[in-house]
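Subject: Handover of a structure

Hello,

Here is the structure I promised to pass on. Please open it first, then read my notes below.

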Amino acid sequence: MTAADVVVIGGGMAGASAAYEIAARNRVVLLEREKFCGYHSTGRSAASFTENYGNSVIRRLAKASRTFFERPPPGFSEATLVAPRGILTIGRTDQLEALARAFERGRAFVPDLVEIDPAAAIARAPILHRDYVAGAFFEPRSRDIDVHAVHQGFLKGLKVRGGSIVTDAEVSAIDRHRNLWRIETRSGRFEAAVVIDAAGAWAEEVASMVGARPIGLVPKRRTAFSIDAPPGVDPSPWPLVDDVGAEFYFKPDAGRLLVSPADATPSPPTDAQPEEIDVAIGLDRLQRATALSVHRVTHKWAGLRSFVADGSPVVGWDDEVEGFFWLAAQGGYGIKTAPALARAAARLIARDGVPRDLLDHGLDQSVLGPSRCRLTGAALTEN
Ligand SMILES: Cc1cc2nc3c(=O)[nH]c(=O)nc-3n(C[C@H](O)[C@H](O)[C@H](O)COP(=O)(O)OP(=O)(O)OC[C@H]3O[C@@H](n4cnc5c(N)ncnc54)[C@H](O)[C@@H]3O)c2cc1C
């Protein structure tokens with residue numbers, strides 16, 4: 001039996017970042033079911049940092065995470081964690097009202113959001129069809145995230161702080177014995193006063209092992225694929241181009257284009273795989289909006305984005321099961337919000353309350369904690 005203060009279940013971005021923060025003061029063991037950490041949603045994202053996507057809680061968490069990405073702690077990573085990549089939001093004629101609303105709402109969080117005319121939009125992303133784009137706005141300070149470097153930075157930092165990582169360690173049972181959790185895996189047994197549930201799409205399965213009530217988590221499949229850029233064209237200076245109706249987006253990615261139909265199909269927790277129909281829908285929408293004629297998809301994948309009803313993450317102590325802490329429901333935002341959520345988790349675990357800067361953004365336990373999910377089935381704001 002390996003003893004720790006805190007056992008974190010799940011080695012994706014949520015578990016890795018929280019384990020890193022908590023290890024500053026506690027003995028932490030991170031347990032991951034797969035042979036390596038980051039196999040599921042964390043390794044399948046679009047790697048975008050924006051303050052203009054998600055509900056207002058998500059936008060505030062992104063703001064509170066920016067400094068970490070831009071100025072990480074010394075020694076965190078040899079790589080630069082983020083690089084400039086503006087986001088161009090476009091609309092057709094029939095989407096102009098939605099575009100105006102999105103711009104007004106966006107400016108409340110991102111004052112430097114600028115409206116641009118179709119010609120200026122096409123100058124930024126010359127592949128767009130002139131007769132498709134009727135209006136646009138641009139977010140200049142959004143970023144690409146080097147997800148691998150961020151994730152590895154957290155895992156490496158966890159080890160430097162004395163924590164340990166056990167892979168191939170699916171948690172199969174958890175029992176409470178004399179105020180301690182005993183956690184069974186095929187790679188050994190572990191004991192700790194605190195268990196953190198950072199199991200992504202499987203968070204409710206893990207919670208059911210301790211008898212915690214569900215939070216209404218719904219994993220939703222999202223598809224992405226890669227295509228070659230047109231011959232002789234370097235797409236790297238282009239922005240991420242996002243359709244205001246969430247019908248598709250594309251962005252440059254290592255000399256190619258990453259495309260998504262922005263699908264959100266409810267799914268059981270699983271190793272998500274792309275469906276041909278979703279790739280076809282993405283290709284169709286992309287080819288309507290651009291001059292691209294795609295003959296070959298070079299790579300395709302899918303991942304799960306897990307939501308509760310209000311679209312905000314669930315971070316906090318379970319109010320009924322002692323020693324059980326939720327870090328779940330990061331939706332489509334779990335990379336860009338990880339630094340702030342991990343700091344919040346570490347402070348709450350230490351019983352110090354939500355960090356001051358998050359409280360200043362209005363992010364308290366009534367907004368983040370699990371009890372809100374059981375009260376009313378909280379109203380859906382925006383996914
Ligand atoms: C196509 C796509 C695009 C996205 N784009 C972005 C983006 O641009 N920006 C952004 O911020 N976010 C984005 N996201 C969302 C982001 O990827 C997720 O919010 C984030 O990765 C969630 O991290 P996680 O650690 O909660 O989950 P995961 O990475 O899924 O990790 C959970 C881990 O728990 C492990 N686990 C489960 N059960 C057990 C068990 N019983 N025992 C041990 N281990 C267990 C799993 O094996 C898994 O590794 C995107 C997601 C997708 C799919």
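Predicted model: local features only at pLDDT ≥ 70, side-chain atom pairs only at ≥ 80, totals over all residues.

**The ligand**

Start with the ligand. How many residues surround the ligand? The shell has 38 residues. The closest are Glu32, Thr42, Ser48, Gly331 and Lys336.

By class, 16 residues of the shell are nonpolar, 14 are polar and eight are charged. Two elements to look at are α1 (13-22) and β20 (297-307), as each supplies at least two residues of the shell. Which element gives the most? That is β20, with three residues.

Now the distances to ligand oxygen atoms. A backbone N or O atom of Ala47 is 3.3 Å from an oxygen atom of the ligand. For Tyr333, a backbone N or O atom lies 3.4 Å from a ligand oxygen atom. Gln330 uses its side chain: an N or O atom there is 3.5 Å from an oxygen atom of the ligand. The protein covers 97% of the 1000 Å² of accessible area that the ligand has on its own.

**Two alanines with positive phi**

Look at Ala47 again. Its phi is near 60 degrees, a positive value in a residue other than glycine. Ala47 lies in the loop between β3 (28-31) and β4. Is Ala47 buried or exposed? Buried means under 20% relative accessible area. Ala47 has 16%, so Ala47 is buried.

Ala329 is the other one to check. Its phi is near 65 degrees, again positive in a residue other than glycine. Ala329 sits in the loop between β22 and α8. Ala329 is buried, with a relative accessible area of 2%.

**Aromatic pairs**

Rings pair here if their centres lie within 6.5 Å, and planes over 60 degrees apart count as edge-to-face. By this rule there are 13 aromatic pairs.

Take Phe49 and Phe69. Their ring centres are 5.7 Å apart and their planes stand at 70 degrees, so the pair is edge-to-face. The pair links distant parts of the chain: Phe49 is in strand β4 (residues 48-49) and Phe69 in helix α2 (residues 56-70), 20 residues apart. Phe49 counts as buried, at 1% relative accessibility. Phe69 is buried as well, with a relative accessible area of 2%.

Next, Phe307 and Tyr333. This aromatic pair is edge-to-face, with 6.2 Å centre to centre and 75 degrees between the planes. Why does the pair tie together separate parts of the chain? Phe307 lies in strand β20 and Tyr333 in the loop between β22 (324-328) and α8 (338-349), so the parts it joins are 26 residues apart in sequence. Phe307 is buried, with a relative accessible area of 3%. Tyr333 counts as buried, at 1% relative accessibility.

There is also a cluster to find. Tyr20, Phe49, Phe68, Phe69, Phe76 and Phe154 form one aromatic cluster. Phe49 and Phe69, the edge-to-face pair above, belong to that cluster.

**A polar contact**

Glu51 lies in the loop between β4 and α2. At 3% relative accessibility, Glu51 counts as buried. Which residue does the side chain of Glu51 contact? A polar contact of 2.9 Å joins the side chain of Glu51 to that of Arg66.

**Away from the ligand**

Finally, Val233. Its place is in the loop between β15 (218-228) and β16 (240-243). Val233 counts as partly exposed, at 36% relative accessibility. Compare its position with Gly331, one of the closest residues to the ligand. The C-alpha atoms of Val233 and Gly331 are separated by 34 Å. Along the chain, Val233 and Gly331 are 98 residues apart.

Over to you.

Best wishes

Methods: Residues numbered from 1 in each chain as written. Heavy atoms only, no water. Near = heavy atom within 4 Å. Polar contact = N/O pair within 3.5 Å; in protein donor to acceptor, adjacent residues only side chain to side chain. Areas by Shrake-Rupley, 256 points an atom, 1.4 Å probe, with all protein chains shown as cover. Helix = DSSP H or I, 4+ residues; strand = E, 2+ residues; numbered from the N terminus. Nonpolar A, V, L, I, M, F, W, Y, C, P; charged D, E, K, R; others polar. Phe/Tyr/Trp six-rings, centres within 6.5 Å; stacked < 30°, edge-to-face > 60°. Buried < 20%, exposed > 50% of the residue type's maximum accessible area, 1.4 Å probe, protein only.
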